[in-house]
Amino acid sequence: MPHFNVHMFEEALDSEVEPATIRALTDALVEVYGERARELAVVEIFGIPRHRWGIGGAPATEHRPTVTLHMREPVLHLVDDAPRHLIASITDAMTGVLGDDIRAHLAVTIVGIPTGRSGVAGEVV
């Protein structure tokens with residue numbers, strides 16, 4: 001399953017941002033892999049209090065959300081240049097929700113999980 005972990009300042013979250021983020025990231029995945037990916041997408045959003053977020057050894061002053069997408073490594077080879085397309089699509093999705101001022105600081109990481117290193121229902125998949 002493609003699994004998104006999103007970290008952002010707690011104060012940026014509300015009843016509009018949370019569902020919009022879930023929809024936007026799911027749509028970003030669908031943009032790259034097609035509609036079949038929609039039902040597989042998992043999005044988790046973690047709000048971090050500003051004083052618990054540090055950059056360069058000091059508390060963060062600017063909102064610098066991070067998005068990590070974990071997915072099986074072979075899936076990254078189903079689409080030509082998938083990581084580049086995913087990073088662009090995820091960046092556009094997040095700026096669509098939070099505003100373009102986060103674009104320069106948004107970190108997107110794609111993690112490819114090797115075959116046999118993940119499982120569902122106690123079974124390796």
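Colleague: Tryptophan 53 first: buried or exposed?
Modeller: Tryptophan 53 counts as buried, at 10% relative accessibility. Buried here means under 20% relative accessible area, exposed means over 50%, and partly exposed is in between, with a 1.4 Å probe and protein chains only.

Colleague: Before I go on, what am I looking at?
Modeller: It's a predicted model, in which local features need pLDDT of at least 70 and side-chain atom pairs count only at pLDDT 80 or more, while totals for chains, interfaces and linings use all residues. Residues are numbered from 1 along each chain as its sequence is written, and side-chain values use heavy atoms, with hydrogens and water left out.

Colleague: OK. How many aromatic pairs are there?
Modeller: The count is 1 aromatic pair. The rule pairs rings of Phe, Tyr and Trp (its six-membered ring) if their centres lie within 6.5 Å; planes under 30 degrees apart are stacked, over 60 edge-to-face, and the rest tilted.

Colleague: Which rings are they, and why is the pair called edge-to-face?
Modeller: They belong to phenylalanine 9 and tryptophan 53; the centres are 5.4 Å apart and the planes sit at 75 degrees, so the pair is edge-to-face.

Colleague: What parts of the chain does that pair tie together?
Modeller: Phenylalanine 9 is in strand β1 (residues 3-9) and tryptophan 53 is in the loop between β2 (42-48) and β3 (54-55), so the pair links parts 44 residues apart in sequence. Helices (H or I, at least four residues) and strands (E, at least two) are DSSP runs, numbered from the N terminus.

Colleague: And phenylalanine 9, buried or exposed?
Modeller: Phenylalanine 9 is buried, with a relative accessible area of 1%.

Colleague: Let's zoom out. How many helices and strands are there?
Modeller: The protein has 2 helices and 8 strands. Along the sequence the pattern reads β-α-β-β-β-β-α-β-β-β. The radius of gyration is 15 Å, close to the 14 Å that the globule rule gives for 125 residues, so the protein is as compact as a globular protein of that length. That radius is taken over C-alpha atoms, and the globule rule is 2.2 Å times the number of residues to the power 0.38.

Colleague: What does the C-alpha trace span?
Modeller: About 40 × 30 × 25 Å along the principal axes. Buried residues make up 34% of the 125 residues.

Colleague: Now salt bridges. How many does a search of the whole structure find?
Modeller: The search finds 7. A salt bridge here is a side-chain nitrogen of Lys or Arg within 4 Å of a carboxyl oxygen of Asp or Glu. One of them joins glutamate 11 to arginine 50, with the closest N and O atoms 2.5 Å apart.

Colleague: Where do glutamate 11 and arginine 50 lie?
Modeller: Glutamate 11 lies in the loop between β1 and α1 (17-33) and arginine 50 in the loop between β2 and β3, so this pair ties together parts 39 residues apart in sequence. Glutamate 11 is partly exposed at 49% relative accessible area, and arginine 50 is partly exposed at 33%.

Colleague: Which residues are linked in a network of salt bridges?
Modeller: Asp27, Glu35 and Arg38. The side chains of arginine 38 and glutamate 35 meet at 2.4 Å, N to O. Arginine 38 counts as partly exposed, at 34% relative accessibility.

Colleague: What about glutamate 62, what does it bridge to?
Modeller: Glutamate 62 pairs with arginine 64, the closest N and O atoms being 3.6 Å apart. Glutamate 62 is partly exposed at 37%, and so is arginine 64 at 27%.

Colleague: Switching to alanine 82: where is it?
Modeller: Alanine 82 is in helix α2 (residues 82-98), and it is buried, with a relative accessible area of 0%.

Colleague: What is alanine 82 in contact with?
Modeller: Leaving aside neighbours within four places in sequence, alanine 82 contacts Tyr33 and Leu76. Contact means heavy atoms within 4.5 Å. The C-alpha atoms of alanine 82 and tyrosine 33 are separated by 8.7 Å, and the two residues are 49 residues apart along the chain.

Colleague: And threonine 68, what does it touch?
Modeller: Not counting residues up to four places away in sequence, threonine 68 touches His3, Phe4, Asn5, Thr109 and Val111. Threonine 68 is found in strand β5 (residues 66-72) and counts as buried at 18% relative accessibility.
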